Amino acid sequence: MRIMGLDFGSKTVGVAVSDSLLITAQGVEIIRRQEENKLRRTLARIEELILEYEVGEIVLGLPKNMNATEGVRAELTKEFREKLIRRTGLPVTLWDERLTTVAADMTMMEAGIRREKRKNYVDKIAAALILQGYLDNRSLRNEMQVDKEEQDALEEV
């Protein structure tokens with residue numbers, strides 16, 4: 001089973017998928033649509049990718065404001081989450097995506113990608129950053145759980 005990361009925007013959805021060991025995230029593609037409210041083809045493409053990559057869970061970037069409040073984009077993202085759940089039947093976790101687009105842009109600048117070409121990649125890289133953050137957090141939680149179990153076992157001795 002793999003995990004899919006999505007960066008949902010007004011006209012694009014960046015897509016990333018984890019490796020089978022759930023350690024790393026790789027950008028897969030950017031799904032583009034002509035109109036913001038036209039999601040049928042977008043959802044169909046996501047379903048195709050779920051089957052292709054054997055995805056069992058989705059992580060969806062939640063665009064919070066810098067002060068942690070939620071605006072219109074966050075509400076639209078939550079509506080998209082509900083559509084994903086209904087359409088795919090998979091669990092969809094919302095993940096704070098603050099600064100992922102900025103980080104993606106900085107990564108491309110450091111790699112020497114010209115400004116006019118960056119828009120062709122930014123959503124896919126942002127999706128990979130969202131997913132990588134989730135994977136890293138998940139791994140850390142698992143390590144902490146193992147440490148706690150080991151500590152409990154030592155205390156019993």
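**Reading helices, strands and contacts**

Mentor: Let's start with helix α2, which lies across β1, β4 and β5 and runs at about 170 degrees to β4. Before we go on, note that this is a predicted model: local features need pLDDT of at least 70 and side-chain atom pairs count only at pLDDT 80 or more, while totals for chains, interfaces and linings use all residues. Residues are numbered from 1 along each chain as its sequence is written, and side-chain values use heavy atoms, leaving out hydrogens and water.

Trainee: Thanks! How many helices and strands does the protein have?

Mentor: The elements are DSSP runs numbered from the N terminus: helices are H or I with at least four residues, strands E with at least two. Here there are five helices and five strands, and from the N terminus on they follow the pattern β-β-β-α-β-α-β-α-α-α.

Trainee: In what order do the strands form the sheet?

Mentor: Two strands pair if DSSP finds at least two bridges between them. In this protein, five strands make an open sheet with mixed pairing, in the order β3-β2-β1-β4-β5. At the edges are β3 (25–32) and β5 (92–96), each of which pairs on one side only. On average, and with direction ignored, neighbouring strands are turned by 25 degrees against each other. Axes here are lines fitted to C-alpha atoms, for helices over the stretch in contact, with angles from 0 to 180 degrees between N-to-C directions.

Trainee: Which strands does β1 pair with, and in which sense, parallel or antiparallel?

Mentor: With β4 (residues 55–62), β1 pairs in the parallel sense over five bridges; there, G5 has V59 as its bridge partner, and L6 has L60. With β2 (residues 12–18), β1 runs antiparallel and is joined by five bridges. F8 stands opposite V13 in β2, and a hairpin of three residues connects β1 to β2.

Trainee: Is S18 buried or exposed?

Mentor: Buried means under 20% relative accessible area, exposed over 50%, and partly exposed in between, with a 1.4 Å probe and protein chains only. S18, a residue of β2, counts as buried because its relative accessibility is 0%. Contact means heavy atoms within 4.5 Å; leaving aside neighbours within four places in sequence, S18 touches R2, I3, T24, A25, Q26, L131 and L135. As for β1 (residues 2–8), six of its seven residues are buried, while of the protein's 157 residues 36% count as buried.

Trainee: How should I read two packed helices?

Mentor: Two packed helices are described by the angle between their axes and the distance between the axes. For α1 (residues 40–53) and α2 (residues 72–88), the axes come within 11 Å and cross at roughly 55 degrees. The crossing is right-handed, meaning that the near helix is turned clockwise from the far one by less than a right angle, with anticlockwise being left-handed.

Trainee: Which residues make that contact?

Mentor: From α1 come R40, T42, L43, A44, I46, E47 and I50, and from α2 come F80, K83, L84, R87 and T88. By class there are six nonpolar, two polar and four charged residues. Ala, Val, Leu, Ile, Met, Phe, Trp, Tyr, Cys and Pro count as nonpolar, Asp, Glu, Lys and Arg as charged, and the others, Gly among them, as polar.
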